[in-house]
Amino acid sequence: VIKASGRTWGNHDLGSQHGPLARATYRKKCKDHNDTIVPRIKALRLSGITSYTAIARCLNTAGYTTTNNKSFYPQTIKNICLTYSI
């Protein structure tokens, strides 16, 4: 009914209100957080733990969380490794 009447879904002004500043702030937050995680990942890889699953498990067990306070997953570790060339 909404689409048929020509109206649109959602808040289309959100990106224009918060876009560039929010993205820059979030990028900085991620970089600051990853500056503490990357050395830990490097240390785990040097100690012989090389699989993304094992690294994620070690970080979760040690109590580390992602930027958004979530658990690490293998794909998260892979993304960090590719971003920082680990």
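In the predicted model, helix H3 carries the exposed residues Leu-82 and Thr-83 on the face turned away from its buried side. The buried side of H3, which spans residues 74-84, is made up of Ile-77, Ile-80 and Cys-81. When the helix is viewed down its axis, these buried residues fall within an arc of 100°, so they line one face of H3. An α-helix has 3.6 residues a turn, and therefore residues three or four places apart point the same way.

Asn-69 is not a glycine, yet its phi is positive, at about 60°. The relative accessible area of Asn-69 is 61%; a residue counts as exposed over 50%, and Asn-69 is therefore classed as exposed.

At the other end of the helix, H3 is followed by Ser-85. The phi of Ser-85 is likewise positive, at about 50°, although this residue is not a glycine either. Ser-85 has a relative accessible area of 66% and is exposed.

Methods
Residues are numbered from 1 along each chain as its sequence is written. This is a predicted model: local features need pLDDT of at least 70, side-chain atom pairs count only at pLDDT 80 or more; totals for chains, interfaces and linings use all residues. Side-chain values use heavy atoms; hydrogens and water are left out. Buried means under 20% relative accessible area, exposed over 50%, partly exposed in between (1.4 Å probe, protein chains only). Helices (H or I, at least four residues) and strands (E, at least two) are DSSP runs, numbered from the N terminus. The arc is that of the directions from the helix axis to the C-beta atoms.
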